[in-house]
Amino acid sequence: QVQLVESGGGLVQAGASLRLSCAASGRTFSSVPMGWFRQAPGKEREFVAAISWSGARRYYADSVKGRFTISRDNANNAKNTVHLQMDSLKPEDTAVYYCAAKKMATYSSGTYYSRWYEYDYWGQGTQVTVSS
């Protein structure tokens, strides 16, 4: 069974940092693009960051560019992990953060996706709350 599990959320003050992780199990995600999205109360799910399967290409929402960094660890195929390093957090970053992955297929090393409906697998989310 395919499963994505996020971790690392929490309550922090503005200006602090958090590092989210997404661990994949049930199959290997080392060769598919992955991404992070977030959803605040009363708002639609929005794109945060995406990474190609090789890690060569990364793409960010304007609202987080320069503050967030997406990365992935494909070295251990049994524990593919995607990270989201979040620095200089702001109250408007408060949301549930979701990890997403594409289904197994052939992708170029630089392909990434930024629309939620382009992804096939989702984690259950981790809460990030930033106080002012």
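**Exercise 1.** State which residues Met 86 touches, not counting residues up to four places away in sequence.

*Solution.* Apply the contact criterion, heavy atoms within 4.5 Å. Met 86 then touches Ala 16, Ser 17, Leu 18, Leu 20, Arg 67, Phe 68, Tyr 97 and Val 128. The model is predicted: local features need pLDDT of at least 70, side-chain atom pairs count only at pLDDT 80 or more, and totals for chains, interfaces and linings use all residues. Residues are numbered from 1 along each chain as its sequence is written, and side-chain values use heavy atoms, with hydrogens and water left out.

**Exercise 2.** Determine whether His 83 is buried or exposed, and find its side-chain polar partners.

*Solution.* His 83 is found in strand 8. Its relative accessible area is 14%, so His 83 is buried. A polar contact is a pair of N or O atoms within 3.5 Å; within protein, one must be able to donate a hydrogen and the other to accept it, and residues adjacent in sequence count only if both atoms are side-chain atoms. The His 83 side chain makes such contacts with the side chains of Arg 19 (3.5 Å) and Ser 21 (2.9 Å).

**Exercise 3.** Classify the ring pair Phe 47 and Tyr 59.

*Solution.* Rings of Phe, Tyr and Trp (its six-membered ring) pair if their centres lie within 6.5 Å; planes under 30 degrees apart count as stacked, over 60 as edge-to-face and the rest as tilted. This rule gives 9 aromatic pairs. For Phe 47 and Tyr 59 the centres are 5.5 Å apart and the planes at 25°, so the pair is stacked. Phe 47 lies in strand 5 and Tyr 59 in strand 6 (residues 58-60), so the pair ties together parts 12 residues apart in sequence. Phe 47 is buried at 13% relative accessible area, whereas Tyr 59 is partly exposed at 34%.

Note on methods
Helix = DSSP H or I, 4+ residues; strand = E, 2+ residues; numbered from the N terminus. Buried < 20%, exposed > 50% of the residue type's maximum accessible area, 1.4 Å probe, protein only.
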